[in-house]
Amino acid sequence: VNALANDGVGNYLNEHFTASFQKVATFQITNGQKQGGNVASYFCSPDNRVLHVIAGPVDAATMLREARWIVEAHKLAQLDSAGDATRFSENLRKAHADRLRREHGLDVAAVDTGRGRRALDNQGRVHLLLAAAPLVKVEQVYKLIFEKILGEQVSASPVVEIK
Amino acid sequence: VLSAALATSLLAAGFVGALGITARQGAVAVKIELLSHEIATVERTERAQASADPRTRPEQRSEGESTPSAIASAPIELEASAGRDLANPAADVLSSRPTCESYGTAIQFSNRPTEAARQARQESKLLFLLHVSGNFEDAKFT
């Protein structure tokens with residue numbers, strides 16, 4: 001949440017996005033110590049289709065970089081697709097596949113990268129997910145992201161404070 | 001006979017080569033397969049829930065899909081899932097009155113995701129949605 005207090009992040013997000021929040025999990029406070037809890041930041045189209053996700057807390061520079069990236073990738077996909085939904089989706093799939101290849105060394109299209117298993121970090125998993133299922137709706141993936149990528153249980157329970 | 005034998009050999013070599021490629025792609029393909037399978041399972045469940053719930057019939061859904069309008073007919077299109085709080089406008093309305101606050105950040109947050117989505121459509125913006133553990137409104141519990 002600290003990254004969201006940054007003015008640069010705030011200005012950019014306020015200019016390009018409307019924002020909201022949703023409680024999807026809980027955590028426990030034991031003797032003043034927070035146990036568990038996490039955050040996922042979704043960049044979506046207004047109909048709740050996921051363009052990009054940041055899984056877990058990040059610093060302001062990362063938040064700003066990722067927000068700028070998806071805004072530009074979205075604009076480029078719109079330009080290139082010229083209203084064609086399939087091409088639009090394919091453009092976003094490619095954008096995630098490109099980052100997966102460049103930043104995480106996993107090329108989903110190459111024939112010679114299958115040797116051994118690669119340990120992807122959270123962001124690598126997000127790119128893999130969105131390269132496999134671009135423009136998936138938030139309600140279809142939020143459990144997968146919170147439980148399988150972030151390792152937190154989705155829950156409607158309130159925060160429990162134990163002293 | 002010679003040319004037929006040559007053609008057969010080439011076909012066999014091509015087949016073996018294809019098998020090699022498939023094996024090397026295995027690790028990546030398995031990962032994507034697993035993710036796709038999980039998403040497909042969620043899709044099937046939601047489709048079943050949506051078809052059983054009259055509130056989610058197409059004529060009940062809100063207008064104004066985003067980005068290229070043809071996305072509404074894309075293969076991954078699903079009915080909105082009114083059975084879940086996350087996508088349920090009714091639950092959203094019941095949660096609280098719509099407000100827009102910064103909650104200690106530099107960003108203006110609407111307390112209703114559906115309101116933020118409507119606003120995004122209206123202002124030709126994208127939607128930033130934060131999923132958190134705990135209560136976002138209370139710094140102590142976030």
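Mentor: Begin with one bridge: A:Ala19 has B:Phe109, in strand 2 of chain B, as its bridge partner. Strands here are DSSP runs of E, at least two residues, and helices are runs of H or I, at least four residues, both numbered from the N terminus. This is a predicted model, in which local features need pLDDT of at least 70 and side-chain atom pairs count only at pLDDT 80 or more, while totals for chains, interfaces and linings use all residues. Residues are numbered from 1 along each chain as its sequence is written, chains are lettered from A and ligands numbered from 1 in the order in which they are written, and side-chain values use heavy atoms, with hydrogens and water left out.

Trainee: How many bridges join strand 1 of chain A to strand 2 of chain B?

Mentor: Two strands pair if DSSP finds at least two bridges between them. Strand 1 (residues 17-25) of chain A and strand 2 (residues 109-110) of chain B are joined by two bridges and run parallel.

Trainee: In what order do the strands form the open sheet?

Mentor: The order of the six strands is 5(A)-4(A)-3(B)-1(A)-2(B)-1(B), with mixed pairing. Strand 5 (50-55) of chain A and strand 1 (100-101) of chain B are the edge strands, each pairing on one side only.

Trainee: Is B:Leu129 buried or exposed?

Mentor: Buried means under 20% relative accessible area, exposed over 50%, and partly exposed in between, with a 1.4 Å probe and protein chains only. B:Leu129 counts as buried because its relative accessibility is 4%. B:Leu129 belongs to strand 3 (residues 126-133) of chain B. Contact means heavy atoms within 4.5 Å. Leaving aside neighbours within four places in sequence, the contacts of B:Leu129 include A:Phe21, A:Tyr42, A:Val138 and B:Pro113.

Trainee: Which residues of helix 3 of chain B are buried?

Mentor: An α-helix has 3.6 residues a turn, so residues three or four places apart point the same way. In helix 3 (residues 113-122) of chain B, the buried residues are B:Pro113, B:Ala116, B:Ala117 and B:Ala120. Seen down the helix axis, these buried residues fall within an arc of 100°, so they line one face of helix 3 of chain B. The arc is taken from the directions from the helix axis to the C-beta atoms.

Trainee: What follows helix 3 of chain B?

Mentor: B:Ser124 follows helix 3 of chain B, and its phi is positive, near 55°.
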